Amino acid sequence: MRKAKPRKRVILPDPVYNDQKVSKFVNHLMYDGKKNISYEIFYGALNTIKEKMANEEKSELEIWKQALDNITPQVEVKSRRIGGATFQVPTEIRPDRKESVSMKNMIAYARKRGGKTMSEKLAAEIMDAYNNQGGAFKRKEEMHRMAEANRAFAHFRF
């Protein structure tokens, strides 16, 4: 590469849970720079989880983190052109990209859901991901299936 790598920006932890992961999630959730609204949506979703999963011994933040871990993919396929043919080459994902992909998938499938408010839809998606079901979990399984099916082309990655 000709240019120097850009510096990683420091993301400040969120005000309620003092957690950087929450801030990253809220940044992915945000539209048009409306960070307060996305914080309200996220905290509303966690409150809904606290009410609905009261019998669970974990806190709502731990449930959310477990749900993210459940939908985090380990491998993905990348298109690679070799000699006029395009192959789907399975590659492992960097840890920061894993986190980002899982957050984006959770938000995307929450937005597609039926429901009244975004916080309700997000809460439902988080609970489904915690229980190893829902759209985001299916997406992870699909990514893993694609990588497994194309394992023969793994030698094309460098």
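The legends below describe close-up views of a predicted model. Local features require pLDDT of at least 70 and side-chain atom pairs pLDDT 80 or more, whereas totals for chains, interfaces and linings use all residues. Residues are numbered from 1 along each chain as its sequence is written, and side-chain values use heavy atoms, with hydrogens and water left out.

View A. Helix α6 covers residues 135-149; helices (H or I, at least four residues) and strands (E, at least two) are DSSP runs numbered from the N terminus. Ala-136, Phe-137, Lys-140, Met-143 and Ala-147 of α6 are buried. Here, buried means under 20% relative accessible area, exposed over 50%, and partly exposed in between (1.4 Å probe, protein chains only). Viewed along the axis of α6, the buried residues fall within an arc of 120°, so they line one face of the helix; the arc is that of the directions from the helix axis to the C-beta atoms. Exposed residues Lys-138, Arg-145 and Ala-149 sit on the face of α6 turned away from the buried side. The cover over the buried residues of α6 includes α3 (60-70), β1 (75-82), β2 (85-92), α4 (95-112) and α5 (118-130).

**View B. Asn-105 in helix α4.** Asn-105 belongs to helix α4 and is buried, with a relative accessible area of 13%. Apart from neighbours within four places in sequence, Asn-105 is in contact (heavy atoms within 4.5 Å) with Ala-136 and Arg-139. Ala-136 is among the buried residues of α6.

**View C. Helix α2 and its packing.** Helix α2 has 18 residues and reaches 26 Å from its first C-alpha to its last, close to the 26 Å expected at 1.5 Å a residue. Its buried residues are Ser-38, Tyr-39, Ile-41, Phe-42, Tyr-43, Ala-45, Leu-46, Thr-48 and Ile-49. These buried residues pack against α1, α3 and α5.

**View D. The largest pocket.** The volume of the largest pocket is about 530 Å³. On a 1 Å grid over the protein atoms alone, a pocket is an open set of points where a 1.4 Å probe fits, with protein on both sides within 12 Å along at least five of seven lines; lining residues have an atom within 4 Å of a point. Of the 17 lining residues, Lys-8, Arg-9, Ile-11, Lys-24 and Asp-96 are the closest to the centre of the pocket. The elements giving two or more residues to the lining are α1 (20-29) and α4, and the largest share, 7 residues, comes from α4.

View E. Ile-11 lies in the segment before α1 and is partly exposed, with a relative accessible area of 23%. Although 12 residues apart in sequence, Ile-11 and Ser-23 are 7.1 Å apart in space, C-alpha to C-alpha. Neighbours within four places in sequence aside, the contacts of Ile-11 are Gln-20, Ser-23, Lys-24 and Asn-27.

View F. Asn-18, in the segment before α1, has a positive phi of about 55° although it is not a glycine. Asn-18 is exposed, at 58% relative accessible area. Asp-32, in the loop between α1 and α2 (35-52), has a positive phi of about 50° and is likewise not a glycine. Asp-32 counts as exposed at 75% relative accessibility.

How values were computed. The expected span of a helix is 1.5 Å times one less than its number of residues. Grid points are joined across faces, edges and corners, and a volume is the space filled by probe spheres set on the points.
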